[in-house]
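Take a look at the model below. This report covers its pockets, its fold and its strand pairing.

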Amino acid sequence: MIPPKTSWYRQALGTAHKAYVRVEVWRDVALLASTAPVYGYAPREFQVVDGSVRCALSSRVTRTMTCTVPEEFYPLLETDFLAPYGNHIHAYRGIEYGDGTVDEFPIFKGPIRSISPNGDGRATLRAEDLAGLVVGASFPNPQVAQVGDLVTDEFERLVLDAVPTAEFGTHTTLADLVP
């Protein structure tokens, strides 16, 4: 877990506090839009009316983000920032303190899968986390395991083949070697 920037975080959770949410839209390494300035940089701003991130745990952990935006942000062109053609959502949640400082944590990162108008002046956006990209790759070509490598290293190699931008944490439970 990412540690809070301030020592007040845990104390603030137990009292009345102002929730902080920031949603960004990225294309490759370019920040296209954000609901709030990012490190002093203010890209195109947009609003999120409401939303949620749902997590499911079956044979894998997956997250799906759904949010509602004003219909004025509905993409009319495939190059618009909320178009589901290569654009990714990054979402953060945290606390804004009385002095304006923020403790925030990443809660979602993944490609926009769809956006559709609701007919009430709003549009609903759906995004799927990077695990969805791995599943979608379906690994159609057989792979030869590297004998003697850690199983976790083999897993990472296969995933990186499907999603080159994948990031991995530390491993603490599996130290088996590929036979």
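Strand 6 and helix 2 each give at least two residues to the lining of the second largest pocket. This is a predicted model, where local features need pLDDT of at least 70, side-chain atom pairs count only at pLDDT 80 or more, and totals for chains, interfaces and linings use all residues. Residues are numbered from 1 along each chain as its sequence is written, and side-chain values use heavy atoms, with hydrogens and water left out.

A pocket is an open set of points on a 1 Å grid over the protein atoms alone, where a 1.4 Å probe fits, with protein on both sides within 12 Å along at least five of seven lines; lining residues have an atom within 4 Å of a point. A volume is the space filled by probe spheres set on the points. Helices (H or I, at least four residues) and strands (E, at least two) are DSSP runs, numbered from the N terminus.

The lining of the second largest pocket includes Trp26, His88, His90 and Lys109. Leu130 and Glu167 also line this pocket. In the largest pocket, Leu130 and Glu167 are among the lining residues nearest the centre, together with Arg63, Asp129 and Ala131. Which elements give two or more residues to that lining? They are strand 5 (61-70), strand 6 (87-96), strand 7 (102-117), helix 2 (130-137) and helix 3 (151-162).

Asp, Glu, Lys and Arg count as charged; Ala, Val, Leu, Ile, Met, Phe, Trp, Tyr, Cys and Pro as nonpolar; the others, Gly among them, as polar.

| Pocket | Volume | Lining residues by class |
|---|---|---|
| Largest pocket | about 820 Å³ | 14 nonpolar, 1 polar, 5 charged |
| Second largest pocket | about 280 Å³ | 5 nonpolar, 4 polar, 3 charged |

Now the fold. The chain has 3 helices and 8 strands. Along the sequence, the pattern reads α-β-β-β-β-β-β-β-β-α-α.

Strand 5 also takes part in pairing, which requires at least two DSSP bridges between two strands. Strand 4 (residues 50-57) runs antiparallel to strand 5, with 8 bridges. Valine 53 has methionine 65 of strand 5 as its bridge partner. Strand 5 and strand 8 (residues 122-128) are antiparallel too, joined by 7 bridges. Here valine 69 is bridged to alanine 123 in strand 8.

Finally, the whole chain. Contacts are heavy atoms within 4.5 Å. Among contacts between residues at least 6 apart in sequence, 52% join residues at least 24 apart.
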